[in-house]
Amino acid sequence: MTGLYYEEFEVGETIEHGKRRTISESDNQQFCDMTMNQQPLHLDAEFAADTEFGERLVNGLYTMSLAVGLSIPDTTDGTIVANLSYDDVEHPNPVFHGDTIRAQSTVTDKRETSDGERGVVTMHVEAFTVNGSSGSGGSSDESDDGDETLVCEFDRTVLSLKREHADGE
């Protein structure tokens with residue numbers, strides 16, 4: 001368990017998530033298959049070539065899901081009761097096969113539940129493409145000093161355990 005208990009979150013704190021992932025064509029294809037999303041902009045190279053993007057785009061829900069996954073080890077791994085909401089989702093720029101994604105979370109609000117046994121924490125999560133990445137696929141802990149582009153942002157609200165009420169402690 002590496003996540004934070006309610007007491008450990010500080011409003012205004014930005015948590016840089018060290019894990020990154022380069023998105024492969026296979027990642028995008030599998031996500032579209034699992035979610036039954038057959039949008040040709042994600043899957044059909046010939047169709048996508050005739051769009052303003054000139055190539056297939058990675059499914060935006062995959063990008064958002066990846067940002068959540070990249071954030072979990074540093075925020076809620078083993079300390080979450082439930083995800084309560086995802087709000088104000090935006091995709092300001094496209095993601096393409098071979099792009100490497102990194103994420104960061106800024107704690108924007110926290111409050112105890114009415115029984116005082118848990119806490120509600122809201123984080124603003126941002127996902128960026130990291131230009132100049134190796135494009136080798138997989139995940140990496142290494143950082144790049146290249147340019148970054150915001151590709152997805154949203155607010156994630158969670159119900160978090162308080163340390164004093166965690167099972168087994």
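Predicted model: local features only at pLDDT ≥ 70, side-chain atom pairs only at ≥ 80, totals over all residues.

Student: Start with β4. How many bridges does β4 make with β5?

Tutor: Eleven, with β4 and strand β5 (residues 118-130) running antiparallel.

Student: And what sits between β4 and β5 in the chain?

Tutor: Five residues, and the two strands form a hairpin. Gly116 is in the turn and has a positive phi of about 75°.

Student: Which residue in β5 is opposite Lys110?

Tutor: Val121.

Student: What does the charged end of Lys110 sit over?

Tutor: The ring of Tyr6, at 4.4 Å from the ring centre.

Student: OK, back to pairing. How does β1 pair with β4, parallel or antiparallel?

Tutor: Antiparallel, over three bridges. Strand β1 covers residues 14-16 and β4 covers residues 100-112. Within that pairing, Glu16 is opposite Gln104 in β4.

Student: How many bridges for β2 and β4?

Tutor: Two, and those strands also run antiparallel, with β2 spanning residues 20-22. Arg21 faces Ile101 of β4 there.

Student: Where is Asp27, then?

Tutor: In helix α1, which runs over residues 25-35.

Student: Is Asp27 buried or exposed?

Tutor: Buried, because its relative accessibility is 14% and the cut-off for buried is under 20%.

Student: Switching to aromatics. How many aromatic pairs are there?

Tutor: The structure has two. One of them is Tyr86 with Phe154, whose ring centres are 6.2 Å apart. The planes of Tyr86 and Phe154 meet at 65°, so this pair counts as edge-to-face.

Student: Where in the chain are Tyr86 and Phe154?

Tutor: They are 68 residues apart, so the pair links distant parts of the chain. Tyr86 belongs to strand β3 (residues 80-90) and Phe154 to strand β7 (residues 148-161).

Student: And what about accessibility: what does Phe154 count as?

Tutor: Phe154 has 0% relative accessibility, so it counts as buried.

Student: What about Tyr86?

Tutor: Tyr86 is at 34% relative accessibility and therefore counts as partly exposed.

Key. Residues numbered from 1 in each chain as written. Heavy atoms only, no water. Helix = DSSP H or I, 4+ residues; strand = E, 2+ residues; numbered from the N terminus. Buried < 20%, exposed > 50% of the residue type's maximum accessible area, 1.4 Å probe, protein only. Phe/Tyr/Trp six-rings, centres within 6.5 Å; stacked < 30°, edge-to-face > 60°. Lys NZ or Arg CZ within 6 Å of the ring centre and 35° of its normal. Pairing = 2+ DSSP bridges.
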